[in-house]
Amino acid sequence: MRTPFVAGNWKMNKTIAEARELVSTMAPQLNALTGVERVLCPPFVALNEVSSLLKGTGLGLGAQNMHWEEKGAFTGEVSPAMVKELCGYVILGHSERRAYFGETDETVNRKLLAAQKFDLTPIVCVGETLEQYGSNRTREVVSSQTLLGLKGISPEFAPRIVVAYEPVWAIGTGKASSGANAQSVQGGVIRPALAELFGADAAQAIRILYGGSVTASNAAEFFSQPDIDGALVGGASLKVDEFVGIVTQAKSEKGV
Ligand code: PEP
């Protein structure tokens, strides 16, 4: 059985002081919800502080991005070794990174290979734009992002990867996909692509999350689907009741 997984992507929100305040309220409530892998992904500058606050809890810490090189002349970038000092997880290829910072399947793949090398659990984001969705290209786009992004990963590391299906039209819009639509992509496109890369058994072990306007009130619709193993949550991860509510739904729908 795949352990349910819920991660909060804070994006570019919360100063260190604000992060401290949020985590000190949220962490004790989240910590009680065992059985679900729970991960917070604050901005880089708050990682150290949040790492200290999470010590002794069952909660994980993730970065929102990283470079693929170990070190060197890459002004403004953060290396896998730096992320590894503080975090167990890293989000890779978020659609905002693809749209605003020129990330491609090739750079996502380099970063994923670096995550493998540095033993970080990657959360790899895939998903079609509104235009691609409107022209019925979802299957082709998501399949190709998965196949190219995860190319060259070893079958041993593959089960550590977490894939997040995030239709771009659903992110931050309040217009979530339906559970049935996300299930059809996650079970009908992503898992078969994973099987093509790593074989059927490894594909069955990989967690596939849904992301895009998940809230405490619509979460059950997603978690009741067989190929939706959890959620990558943006906006709602900044609100204690919402995020705790989403993890609570994961726990009850998945029976953990
Ligand atoms: C995200 O940023 O990964 C995301 C899914 O955002 P939101 O939940 O706000 O749609």
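## Nonpolar cores

The largest nonpolar core has 67 residues, and Val6, Ile190, Leu194 and Phe223 touch the most other members. Such a core is a set of buried Ala, Val, Leu, Ile, Met, Phe, Trp, Tyr and Cys residues joined through side-chain atoms within 4.5 Å; buried means under 20% relative accessible area, exposed over 50%, and partly exposed in between (1.4 Å probe, protein chains only). Another core, of twelve residues, lies apart from it and includes Ala7, Cys41, Val162 and Ala164.

## Basis of the model

This is a predicted model, in which local features need pLDDT of at least 70 and side-chain atom pairs count only at pLDDT 80 or more, while totals for chains, interfaces and linings use all residues. Residues are numbered from 1 along each chain as its sequence is written, and side-chain values use heavy atoms, with hydrogens and water left out.

## Ligand site

The ligand is surrounded by 14 residues, the closest being Lys11, Glu166, Gly172, Ser213 and Gly234; a residue counts if one of its heavy atoms lies within 4 Å. This shell divides into four nonpolar, eight polar and two charged residues, with Ala, Val, Leu, Ile, Met, Phe, Trp, Tyr, Cys and Pro counted as nonpolar, Asp, Glu, Lys and Arg as charged, and the others, Gly among them, as polar.

## Aromatic pairs

The whole structure holds five aromatic pairs. Tyrosine 100 and phenylalanine 101 form an edge-to-face pair, because their ring centres are 6.5 Å apart and their planes lie at 85°. Rings pair if their centres lie within 6.5 Å, with planes under 30 degrees apart counted as stacked, over 60 as edge-to-face and the rest as tilted. Tyrosine 100 and phenylalanine 101 are both exposed.

Definitions and conventions. Phe/Tyr/Trp six-rings, centres within 6.5 Å; stacked < 30°, edge-to-face > 60°.
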